[in-house]
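The following exercises concern the protein chain shown below. Each task is followed by a worked solution.

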Amino acid sequence: MTDNLIIDLPELKLPRDLAWRVKFIDAVEEHARRLGIVGRYEPTRFIGYYFAGVHPVVVSGHWTVTLDDVPLLRRVRDLIERITEARFNIRSPSEDAAPEFMLLHDRHDGSCWLWEYAHGRRFLEARAPVSSSWGSLDELPDGGEGPRLLGP
């Protein structure tokens with residue numbers, strides 16, 4: 001397993017409603033309506049953004065949506081490349097390849113990080129992230145510490 005590289009971007013704060021502005025929420029709700037699901041979609045606290053070739057992709061929980069061209073996300077992508085002096089980006093070389101990094105956005109305070117794609121994806125899709133491979137608490141051997149939650 002490779003190292004888990006996270007790059008803090010303290011100079012980048014995004015609006016809490018970015019997912020709504022780029023029409024990610026509308027796309028999820030429209031798809032849910034087509035599936036016969038009624039209700040409003042509430043995205044997770046952390047949302048991921050990257051580009052598959054030229055197409056912006058947004059990830060929240062198990063929802064992944066490829067959007068049409070979004071000038072706001074293109075500006076964010078270009079800003080990341082400027083901030084990091086082109087050492088890191090969130091763009092993959094083609095639609096079929098994963099990018100090296102994805103942007104993780106905390107909707108609570110607007111904070112942003114670059115996270116290696118595979119690790120960021122697992123984090124965004126996790127329901128209860130843990131640092132070990134334990135199953136349920138019932139499966140713990142006697143005296144085992146069990147899973148440790150990541151975060152506060």
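Contact means heavy atoms within 4.5 Å. By that criterion, residues 24 or more positions apart account for 54% of the contacts in the protein chain with a separation of 6 or more. The model is predicted: local features need pLDDT of at least 70, side-chain atom pairs count only at pLDDT 80 or more, and totals for chains, interfaces and linings use all residues. Residues are numbered from 1 along each chain as its sequence is written, and side-chain values use heavy atoms, with hydrogens and water left out.

**Exercise 1. Determine the strand order of the sheet and state which strands stand at its edges.**

Step 1. Helices (H or I, at least four residues) and strands (E, at least two) are DSSP runs, numbered from the N terminus. The protein chain has 4 helices and 6 strands, in the sequence pattern β-α-α-β-β-β-α-β-β-α.

Step 2. Two strands pair if DSSP finds at least two bridges between them. The 6 strands form an open sheet with antiparallel pairing, in the order S1-S6-S5-S2-S3-S4.

Step 3. Strands S1 (6-8) and S4 (63-66) are the edge strands; each has a single partner strand, so one side of each is left without a neighbour in the sheet. From one strand to the next, the twist averages 25°, where axes are lines fitted to C-alpha atoms, for helices over the stretch in contact, and angles run from 0 to 180 degrees between N-to-C directions.

Step 4. S1 pairs with S6 (residues 112-116) over 3 bridges in the antiparallel sense. Asp8 has Trp113 in S6 as its bridge partner.

**Exercise 2. Describe how helices H2 and H3 lie against the strands.**

Step 1. Helix H2 (residues 24-34) lies across S3 (55-60) and S4, at about 110° to S4.

Step 2. Helix H3 (residues 71-83) packs on the sheet and touches S2 (46-52), S3, S5 (101-106) and S6. The direction of H3 makes about 85° with that of S2.

**Exercise 3. Identify the residues with the most contacts inside the largest nonpolar core.**

Step 1. A residue is buried under 20% relative accessible area, exposed over 50% and partly exposed in between (1.4 Å probe, protein chains only). A nonpolar core is a set of buried Ala, Val, Leu, Ile, Met, Phe, Trp, Tyr and Cys residues joined through side-chain atoms within 4.5 Å.

Step 2. The largest such core has 36 residues, and Phe24, Tyr49, Leu73, Leu103 and Leu114 have the most contacts inside it. S2 gives the most to this core, with 5 residues.

Step 3. Beyond residues up to four places away in sequence, Leu114 touches a set of residues including Ile7, Ile80, Phe88 and Leu103.

**Exercise 4. Is Trp115 buried or exposed, and which residues does Trp115 touch?**

Step 1. Trp115 is in strand S6 and counts as buried because its relative accessibility is 12%.

Step 2. Not counting residues up to four places away in sequence, Trp115 touches, among others, Asn4, Phe101, Gly120 and Phe123. Asn4 and Trp115 are 111 residues apart in sequence, yet 7.7 Å apart in space, C-alpha to C-alpha.

**Exercise 5. Which backbone oxygens lie by the side chain of Ser92?**

Step 1. Ser92 is in the loop between H3 and S5; Ser92 counts as buried, at 3% relative accessibility.

Step 2. A polar atom of the Ser92 side chain lies 2.7 Å from the backbone oxygen of Ser94, and one lies 3.1 Å from the backbone oxygen of Ala97.

Terms used. A polar contact is a pair of N or O atoms within 3.5 Å; within protein, one must be able to donate a hydrogen and the other to accept it, and residues adjacent in sequence count only if both atoms are side-chain atoms.
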